[in-house]
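Please look at the sequence and the fold together before reading on. The notes below go through the core, a hairpin and a sheet in turn.

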Amino acid sequence: MSNNMLSKTLSSFIIVFFSISIYGQIIESPTILQIQEDDRVATISWNSLTTIYDDEYDPDKQNGIYSYRIEWGPVSQGFIHSAVTPYRSHMIQPLEPNVDYQARVYALDAYGNASDYTETSIINHDPTRVNDMRQRLNGFFDDMNDPMGPFNEKDWNQSYSGCMGMGKVSQHN
């Protein structure tokens, strides 16, 4: 075998090996650490609770994980909602009382390849914390659990300008 042919064979081997090591990397499935059920919302956190997302220090990026896909929905309907996020937590909302919800998370690499999903977690609405605040707070308290529409004008001072149309200012309900 000539040196030129040996060099081409070796180069091809290195390219194939390098491609397999990059694209064939197995991404670890996330580990759900915490689910905080609350009034019509649940916050789910996974992998690490660090807020460091810099490539050099982020433990997930060091393992080839660049974002996550979370799927959720009522148990009776399946995983009908999804979101992709670079963060290690997500708020699932709105949660209706007396409905069981399910959620699972996938890790995604820089190319969008997904890991296996986490075990499915069951999540529920839990009004305990908000009900406690409603009882002990003696001033103004609004849990915002109203139907969609304008704010109650007896509770909220609203004003509008000619530059912004009604309902177009930064208030949400």
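The largest nonpolar core has 16 residues, and Ile 44, Ile 70, Ile 92 and Ile 123 touch the most other members. Such a core is a set of Ala, Val, Leu, Ile, Met, Phe, Trp, Tyr and Cys residues that are buried and joined through side-chain atoms within 4.5 Å, where buried means under 20% relative accessible area with a 1.4 Å probe and protein chains only. This is a predicted model, in which local features need pLDDT of at least 70 and side-chain atom pairs count only at pLDDT 80 or more, while totals for chains, interfaces and linings use all residues. Residues are numbered from 1 along each chain as its sequence is written, and side-chain values use heavy atoms, with hydrogens and water left out.

**Hairpin**
- Strand E1 (residues 32-37) runs antiparallel to E2 and is joined to E2 by five bridges, and two strands pair if DSSP finds at least two bridges between them.
- Four residues lie between E1 and E2 in this hairpin, and Arg 40 in the turn has a positive phi of about 65°.
- Gln 36 has Thr 43 in E2 as its bridge partner.

**Sheet**
- Four strands form an open sheet in the order E4-E3-E6-E7, with antiparallel pairing.
- Strand E4 (81-85) and strand E7 (121-123) each have a single partner strand, so one side of each is left without a neighbour in the sheet.
- E6 and E7 are joined by three bridges, and Ala 103 has Ser 121 in E7 as its bridge partner.

Notes: Buried < 20%, exposed > 50% of the residue type's maximum accessible area, 1.4 Å probe, protein only. Helix = DSSP H or I, 4+ residues; strand = E, 2+ residues; numbered from the N terminus.
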